[in-house]
Amino acid sequence: MKSLGLRRGVNWAMTALCALALLVALVPLASLLWLVISRGLAGLSWDFFTSTPAPVGESGGGVANAIAGTLYIVGIACLIGVPLGVGAGVYLAERGDGPLGGAIRFTAEVLSGVPSIIIGIVAYALVVLPMRRFSALAGGVALAVLMVPTLARSTEELVRLVPRSLREASLALGVSEWRTSLSVVLRTALGGILTAILLAVARAAGETAPLLFTALNNQYWNLRADQPTASLTVQIYNYAVSPYQDWHDKAWSAALVLLLLVGTLSLAARLLARNRFR
Amino acid sequence: MNETKIEVQKLNAWFKTTHALKDVSLTVPKNTVLAIIGPSGCGKSTFVRCLNRMHELVPGARQSGKVLVDGQDLHARRVDPVDLRRRVGMVFQRPNPFPTMSIFDNVVAGLRLNGIRGNYDEQVEKSLRQAALWDEVKDRLQHSALSLSGGQQQRLCIARSLAIEPEVLLMDEPASALDPIATAKIEELIHDLRATLTIVIVTHNMQQAARVSDATAFFYLGELVEHGPTEEIFTNPREPRTEDYVTGKFG
């Protein structure tokens, strides 16, 4: 038998190794945050949040229309994607044991593995070509397609977590099955589902590829669903690939804004999750 | 003898290939309490779950035979299980209040989810009084149902079942997860409820069966071994298997 001292030593060494692994894993994250904040903070001003981009060579200008556009496109994506994703998830959990459920599950799995740029191309073919224009709607459709599979799978998991006894309690009261699914099962799982939605939204808000040839971009305000619309991600992309130092700085600042937006959403999701009934 | 409330004829039930109930026939008179006793896995729960058609909700479950409530066959094509379950309420083994709802909302859940409007306040007080819970919760009706103790939760579940005014109440080991004081309260409750309801209660506790019931049925391996007045079953059973069980020789 090994001595207690040796076991303590091994224990200490393994704990230290784990801590080291955590530190190494945090290095890229911390450096990313540091880089974005240090380069982006200087460009942040009231103007940056409230005005539209300035032409090349002129100073000033901001990304107000891109912030609004991102929220707008993601909003459209939610309108389409949330009912579809949550509905599909509830179906999978309640009736998904047959072959149809299996097919849906398989499709969702494949779909969630498809690179987002391919989803962009599909939205281009399905929405942009028939409408003959780039539009916020096309961008919203692309992001919705991206949201649905993950949302469906997480909703399914969350609904399955609702104890069978609650469903039975409701059915034993003479409540019909659809009403039970909606008012008891879904309501009980609601906190978790809201978290899943916020995480899906945060992920969608950070996508660039599906927006490049769907919503395109726009240097001006636009709140029409059938017009090209700016988004933070595409704006960052355009600024970053430009040859102007001024625009590079703006790309960093816009990146910081995007990071703040996504971070706020994730934080809200965490808070929502914490406030659920135990 | 009262008129017959529930009549079971040659009831068989299966889970996939397991034959859980074999040719069970018995009757329950109106406003009486029937206790069902027997060792674990003998089909007690399956039996009561056939009485409000909860059995058929389990995947792979089948049944044959007849269950009549007030002379009407439950499995007739035109009987809607949803309607039936409003007449035949059920209380489960573990308290299962709705965790997202307040005490008040739990009591009226059956009414509200069935689209029945009306003066909920009155109904809530009446049901909670019937379930002997009113005095303990009247000042905190808007609190979460999960803030109650286990025994209170179970009485809340009983109040929830009573709020839709069923004719029959099925209780599947309603006190098995509760302490003796809470159990005594539930037993008292069963005594009082007999005036307006017909009750079928599954229990593992033989003293409980003896205390609360008018008639007792002993199930063993899916068969109804013996059914008769409670006193007879416990003092002078006809079947040796019943005697062995009630005297604690096996079980």
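This is a predicted model: local features need pLDDT of at least 70, side-chain atom pairs count only at pLDDT 80 or more; totals for chains, interfaces and linings use all residues.
## Chain A at a glance

Let us begin with chain A. Its secondary structure comes to 11 helices and zero strands. Along the principal axes, the C-alpha atoms of chain A fill a box of roughly 70 × 65 × 30 Å. Chain A has 278 residues, and 39% of them count as buried. For contacts in chain A with a separation of 6 or more, 74% come from residues 24 or more positions apart.

Chain A is also divided into two parts: domain 1 covers 4-43, and domain 2 covers 49-164 + 193-274. The C-alpha centres of these two domains of chain A lie 31 Å apart. Where the domains touch, six residues of domain 1 of chain A are in contact with seven residues of domain 2 of chain A. On the domain 1 side of that contact, there are three nonpolar, two polar and one charged residues.

## Chain B at a glance

Now to chain B, whose secondary structure comes to 10 helices and 10 strands. Its C-alpha atoms fill a box of roughly 55 × 40 × 35 Å along the principal axes. How does the radius of gyration of chain B relate to that of a compact globule? A compact globule with 251 residues would have a radius of gyration near 18 Å, and chain B agrees with this, having 18 Å.

Of the 251 residues in chain B, 46% count as buried. Among the contacts in chain B with a separation of 6 or more, residues 24 or more positions apart account for 68%.

## Where the chains meet

The contact between the chains takes 23 residues from chain B and 17 residues from chain A. On the chain B side, the elements that give two or more residues are α2 (81-87), β6 (88-91) and α3 (103-113). Of these, α2(B) gives the most, with four residues. Sorted by class, the side of chain B that touches chain A has 11 nonpolar, seven polar and five charged residues.

## Two helices that cross

Helix α3(B) also packs against another helix of chain B, α4 (residues 120-130). The angle between α3(B) and α4(B) is about 105°, and their axes are 10 Å apart. That angle makes the two helices roughly perpendicular, because angles of 65 to 115 degrees count as such.

Which residues make this contact? From α3(B) come B:Phe104, B:Val107, B:Val108 and B:Leu111, while α4(B) brings B:Tyr120, B:Gln123, B:Val124, B:Ser127 and B:Leu128. By class, the contact of α3(B) with α4(B) has seven nonpolar, two polar and no charged residues.

## A buried helix and an exposed residue

Eight of its eight residues are buried, so α1(B) is largely enclosed by the rest of the structure. The buried residues are B:Lys44, B:Ser45, B:Thr46, B:Phe47, B:Val48, B:Arg49, B:Cys50 and B:Leu51.

Next, look at B:Ile181, which has its place in helix α7 (residues 180-193) of chain B. Is B:Ile181 buried or exposed? B:Ile181 counts as exposed because it has 9 C-beta neighbours inside 10 Å, and the cut-off for exposed is 12 or fewer. The C-alpha atoms of B:Ile181 and B:Gly151 are separated by 8.6 Å, with the two residues 30 apart along the chain.

Most residues other than glycine have a negative phi. B:Lys16 is not a glycine, yet it has a positive phi of about 50°. B:Lys16 lies in the loop between β1 (4-15) and β2 (18-29) of chain B, and it is exposed, with 9 other C-beta atoms within 10 Å.

B:Glu165, also not a glycine, has a positive phi of about 50°. Its place is the loop between α6 (150-163) and β7 (168-172) of chain B. B:Glu165 counts as partly exposed, with 16 C-beta neighbours inside 10 Å. Finally, just after α1(B), B:Arg53 takes a positive phi of about 60°.

Key:
Residues are numbered from 1 along each chain as its sequence is written. Chains are lettered from A and ligands numbered from 1 in the order in which they are written. A residue is buried if 20 or more other C-beta atoms lie within 10 Å of its own, exposed if 12 or fewer, and partly exposed in between; C-beta atoms are placed from the backbone. Two residues are in contact if their C-beta atoms, placed from the backbone, lie within 7 Å. Ala, Val, Leu, Ile, Met, Phe, Trp, Tyr, Cys and Pro count as nonpolar, Asp, Glu, Lys and Arg as charged, and the others, Gly among them, as polar. The radius of gyration is taken over C-alpha atoms; the globule rule is 2.2 Å times the number of residues to the power 0.38. Domain bounds come from an automatic or database domain assignment. Axes are lines fitted to C-alpha atoms, for helices over the stretch in contact, and angles run from 0 to 180 degrees between N-to-C directions. Angles under 35 degrees count as roughly parallel, over 145 as roughly antiparallel, 65 to 115 as roughly perpendicular and the rest as oblique.
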